[in-house]
Amino acid sequence: QGLAPDAVLYNVVISACDRGDHWVHAFRLFRQMRFREIEPNVVTYSATSSALNRGSRWDLALELHKEALSRKVQANAFTFNAALAACEKGQQWAAALQLLSEARARKLQDVIGHNSSISACSKALYWQQALAVFAELPRQAIKPTSVTFNATIGACGAGAHWRLALGMLTEMQNAKVPPDNVTLGALSSALGE
């Protein structure tokens, strides 16, 4: 007689599917849990959302996040970051800003979620909103990383504001965050080269 599957076993297998880029299998397993009357938990939602993001199914990842909140699953920074990454992939800047606001209200904000929000705004060509998110970092006591600066420089470039992009480079240097190849590429793009 075999072991009856439980949420922990499903979480392990869904996480393995995520790492192996098998989002379809991860999503099937997630749905199978309901059929077997096994209640998904925060780990289940997070791992499944991560797999969906890897599979470029940001739409399903966002739906999963909404479902988790409606089922009163205790959200954490990882669940919000997975949803924010989905917004970034789908260029859903308004949804990203709404989710970031919810994460802040729950004190679950971090630099990763802010980076995704900045990138979502930038990719959708809403550079002003990207800069507004960046400007909030000190008030949120969040230290920007090279990813943060690179995304913000990219947003300046998307808005054809090369002077702002150069200003971000100066701010990056003042924050003692070393520029990298991505920084140089974002600057080059912002300068139209």
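A helix, as the word is used here, is a DSSP run of H or I that spans at least four residues, and helices are numbered from the N terminus. In this predicted model, Ser116 lies in one such run, helix α7, which covers residues 111-123.

The chain as a whole is built from 11 helices and 0 strands. Read from the N terminus, its elements follow the order α-α-α-α-α-α-α-α-α-α-α. Along the principal axes, the C-alpha atoms occupy a box of roughly 65 × 30 × 25 Å. Of the contacts between residues at least 6 apart in sequence, 64% join residues at least 24 apart.

The interior may be considered next. Of the 193 residues in the chain, 46% are buried. Ser116 belongs to this group because its relative accessible area is 7%, and buried means under 20%. Leaving out residues up to four places away in sequence, Ser116 touches Leu84, Ala85 and Glu88. The largest nonpolar core comprises 53 residues, and Ile14 and Leu99 have the most contacts inside it. Beyond its neighbours within four places in sequence, Ile14 is in contact with Ala26, Leu29, Phe30, Met33, Thr44, Ala47 and Thr48.

Val8, Leu9, Val12 and Val13 form a nonpolar surface patch of about 320 Å². Val8 counts as exposed because its relative accessibility is 56%, and exposed means over 50%.

Notes:
Residues numbered from 1 in each chain as written. Predicted model: local features only at pLDDT ≥ 70, side-chain atom pairs only at ≥ 80, totals over all residues. Heavy atoms only, no water. Helix = DSSP H or I, 4+ residues; strand = E, 2+ residues; numbered from the N terminus. Buried < 20%, exposed > 50% of the residue type's maximum accessible area, 1.4 Å probe, protein only. Contact = heavy atoms within 4.5 Å. Core = buried A, V, L, I, M, F, W, Y, C linked by side-chain atoms within 4.5 Å. Patch = residues over 30% accessible without salt bridge, like charges linked within 9 Å, V, L, I, M, F, W, Y side chains within 5 Å. Areas by Shrake-Rupley, 256 points an atom, 1.4 Å probe, with all protein chains shown as cover. Salt bridge = Lys/Arg side-chain N within 4 Å of Asp/Glu carboxyl O.
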